[in-house]
Amino acid sequence: MTKNYTIKDILDKVKKNKRWPDLKIIQKAYNYAVEKHGNQLRKSGEPYIIHPTNVAYTIAELGLDEKTICAALLHDVVEDTEATYEDIEKEFGTEIAEMVDGVTKLKQIQHATIEENQVENYRKMFLAMGKDIRVIIIKLADRLHNMRTLKYLKRDRQIAISQETMQLYAPLANRLGLYSLKWELEDLSFKYLYPEEYKEIVEGIEQKREERLKFIEKIMKDIRINLKKQHIDAEVTGRAKHLYSIYRKMQRDNKTLDQIYDLFALRIIVNSVKDCYAALGVVHEMYSPMPGRFKDYIAVPKTNMYQSIHTTLLGEKGTPFEVQIRTWDMHRVAEYGIAAHWAYKEANYGSKKGQKVVSVQEDKLAWLRETLEWQQELQDPQQFLETLKTELFEDEVYVFTPKGAIKVLPRGATPIDFAYSIHAEIGNHMVGAKINSKMVPIITPIKNGDIVEIITSENSKGPSMDWLKFVKSTSAKSKIQAWFKKEKKAENIEKGKEAIEKELKRIGMPYAELFKIEYINPMLERYKYKNLDEMYLSVGFGAITANRIIARMLIEYRKEHKEEPKIEEKIEELTAQKNSKTKPSSSGVIVKGIDNCLVKLSKCCNPLPGDEIIGYITKGRGVSVHRKDCVNVSELLKEENRIIDVQWYNQEKVTYTVEIEIFANDRNGLLGDIIQKINDSKVKLLGVNAKATKERIAITEVTLEVDSLDSLNKVIREIRKVDSVYEVNRKK
């Protein structure tokens with residue numbers, strides 16, 4: 001049961017954290033939020049004020065200042081009540097008002113797609129985060145409380161919100177070192193996305209809890225005794241590993257819960273860096289360390305400021321367990337990440353005037369500075385989202401220049417990434433590379449600890465467009481793209497014009513009819529282009545697609561021509577067709593009350609007969625059919641007047657294309673065995689794409705033609721029986 005915190009809990013927590021807190025302003029913000037939210041209720045039926053109060057308590061728990069706590073209490077008033085930015089600024093000052101504005105979603109503005117609107121909200125959030133990092137901490141605390149109370153929402157909303165949390169908010173918390181938030185966000189998302197697996201792990205851990213606790217308590221006792229003998233003052237604690245990290249380990253190593261022993265991690269917290277290494281010597285003397293499982297994040301900290309020594313040791317009967325060793329300062333940063341850094345900078349043991357906002361100029365936030373740079377370039381929402389997720393998710397490798405300086409790059413980075421991380425001119429004039437003094441192809445992936453040397457030449461013709469396929473860092477991508485923008489401007493403008501003309505031809509609209517000043521200007525303003533040439537350059541260069549530009553201009557065109565009837569009229573017109581017998585579409589779906597209607601099975605979720613489905617009336621492309629559990633349905637349901645009843649037609653045999661993904665431990669003859677099972681299931685195989693990772697995990701994607709959900713489930717069951725296969729999923 002989630003505890004609901006009160007304003008008293010918040011004030012008590014602030015008093016505990018700080019010597020001279022300004023409690024009056026926090027109480028004032030709370031009273032203002034109570035007044036503005038009035039009788040509003042949450043989905044749970046509870047008063048709305050419970051939500052901002054819980055968000056503010058998380059902020060207080062992280063040790064942030066009074067102004068951030070006030071912004072947390074007020075974070076929904078501009079979005080959900082009649083209060084404005086100006087009202088907040090007048091009552092509480094510019095600093096709090098700007099934080100509230102940073103967390104506030106944009107009003108629904110007219111974009112070509114719902115997805116575009118969502119991306120604009122992310123973009124706004126990141127820009128606000130660039131000015132003041134506290135904005136994103138409030139946003140994460142807001143998401144955490146929403147996840148804690150997710151049970152009150154419908155299943156489709158639970159799935160959509162959990163996926164967004166897993167893809168965006170948990171990695172963001174990780175990037176900022178807010179591990180206390182990251183773990184809980186991941187575990188709560190896991191609970192809703194994989195309920196069966198979640199339940200299995202919870203029950204499995206509970207069964208052997210006593211046995212594991214005895215094992216870990218004995219080790220802790222022995223370590224405490226030996227540290228004391230060496231006069232090392234330390235606190236030794238044990239904690240259960242988080243559920244989602246256990247699940248990921250089971251998936252990665254293809255193990256059952258019984259085969260995973262290090263479900264507990266030990267933590268040794270000492271007073272100095274010297275004691276960290278002394279404690280490491282003690283535990284390595286007591287237990288054998290596992291080869292390849294030692295990481296020193298004290299000598300080389302993570303980019304989110306995390307520092308600790310990690311080592312995995314073998315206990316009695318060869319049972320492995322993990323030990324983390326750190327100082328108290330490191331522990332504070334490990335729990336609260338950037339928030340701890342901010343609280344430290346605030347100088348809260350001096351006068352109240354000692355406050356200082358951490359800006360993105362801090363070296364620790366270099367990745368964020370780059371994020372803000374590349375996001376200005378990406379106008380296409382899909383590209384923006386993909387790059388954002390990549391930037392948040394990437395693991396890192398630590399490599400050295402020949403002079404011994406450390407560079408941190410995304411896992412899988414190449415010497416090209418390394419060259420551009422030094423300087424754009426080094427990358428632009430690069431002609432070769434050496435790794436550990438050996439000449440290598442410039443697309444060779446770099447490993448941890450490699451010494452990389454870049455060979456340049458003044459006669460270099462510049463980067464190749466092919467490099468974009470191999471580089472991993474957004475910094476390198478943006479610098480390569482900037483070179484091509486500058487060097488091949490005329491060529492790209494021409495390419496952009498051709499792409500626009502080709503798209504206009506496809507939709508059957510003359511250039512002169514659409515490219516009028518009254519349609520051009522809103523598009524230029526929306527995408528922040530100074531003139532048409534800049535827009536053509538962007539299209540030719542690939543920063544935005546031609547159809548997105550045209551879609552934006554068509555919004556204005558249709559307004560003027562009143563070409564697009566209201567959706568209600570469209571439904572009336574469709575349903576007015578009187579037919580004695582409703583026929584199915586070629587996709588085997590009946591649209592209630594409408595005959596000869598264009599129906600398209602949506603590619604985002606590939607519905608099959610037997611799946612629960614809904615219909616969505618699109619603009620000019622008939623009805624798109626989605627599974628009810630599709631991730632996009634929650635967005636579609638916002639436009640209720642576009643939703644229409646659809647059902648499967650049973651009297652005619654129709655076939656459907658579906659893709660499934662198969663994960664297995666690689667071995668000889670694996671692909672042949674999979675294909676044999678598919679043939680035995682009397683299902684038509686349309687295509688196969690197979691690859692193996694460095695870890696010898698075989699990932700096989702197969703495209704099948706099936707006539708129903710039952711047929712698909714049958715073939716999936718058969719493939720699961722193949723030796724070495726450990727997971728089979730229908731692609732989302």
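Predicted model: local features only at pLDDT ≥ 70, side-chain atom pairs only at ≥ 80, totals over all residues.
Biologist: Which residues of helix 11 are buried?
Modeller: Among them are Y179, L181, L185, L188, F190 and L193. The buried set also includes K182, E186 and D187.

Biologist: And what span does helix 11 reach?
Modeller: Helix 11 covers residues 179-193 and reaches 21 Å from its first C-alpha to its last, close to the 21 Å expected.

Biologist: You mentioned K182. What does K182 lie over?
Modeller: The face of W183, at 4.1 Å from the ring centre. There's another case with K28, whose charged end sits over the ring of F92, 5.0 Å from the centre.

Biologist: Back to F190, then. Which residues are in a ring cluster with F190?
Modeller: Y194, Y198, Y244 and Y247, linked with F190 through ring pairs.

Biologist: How many aromatic pairs does the count come to?
Modeller: The count comes to 15 aromatic pairs. Take Y511 and F515: their ring centres are 4.3 Å apart and the planes are at 10°, so that pair is stacked.

Biologist: New topic: R326. Where is it, and is it buried or exposed?
Modeller: R326 is in strand 5, which runs over residues 320-327. R326 has 2% relative accessibility, and the cut-off for buried is under 20%, so R326 counts as buried.

Biologist: Which side chains make polar contacts with the side chain of R326?
Modeller: The side chain of Y306 does, at 3.1 Å, and so does that of H331, at 3.0 Å. R326 also touches other residues, including I268, C276, S308 and E335.

Biologist: What about nonpolar cores: how many residues are in the largest?
Modeller: The largest has 56 residues, and I10, I26, I69, L74, I88 and I96 are those with the most contacts inside it. Its largest share, eight residues, comes from helix 9. There's a second, separate core of 37 residues, which includes I205, L227, V283 and M330.

Biologist: Why would nonpolar side chains be found together like that?
Modeller: In soluble globular proteins, nonpolar side chains tend to be buried together.

Biologist: And what does I88 touch?
Modeller: Its contacts include Y32, L74, V77, I96 and V100, leaving aside residues up to four places away in sequence.

Key: Residues numbered from 1 in each chain as written. Heavy atoms only, no water. Helix = DSSP H or I, 4+ residues; strand = E, 2+ residues; numbered from the N terminus. Buried < 20%, exposed > 50% of the residue type's maximum accessible area, 1.4 Å probe, protein only. Polar contact = N/O pair within 3.5 Å; in protein donor to acceptor, adjacent residues only side chain to side chain. Contact = heavy atoms within 4.5 Å. Expected span 1.5 Å × (residues − 1). Phe/Tyr/Trp six-rings, centres within 6.5 Å; stacked < 30°, edge-to-face > 60°. Lys NZ or Arg CZ within 6 Å of the ring centre and 35° of its normal. Core = buried A, V, L, I, M, F, W, Y, C linked by side-chain atoms within 4.5 Å.
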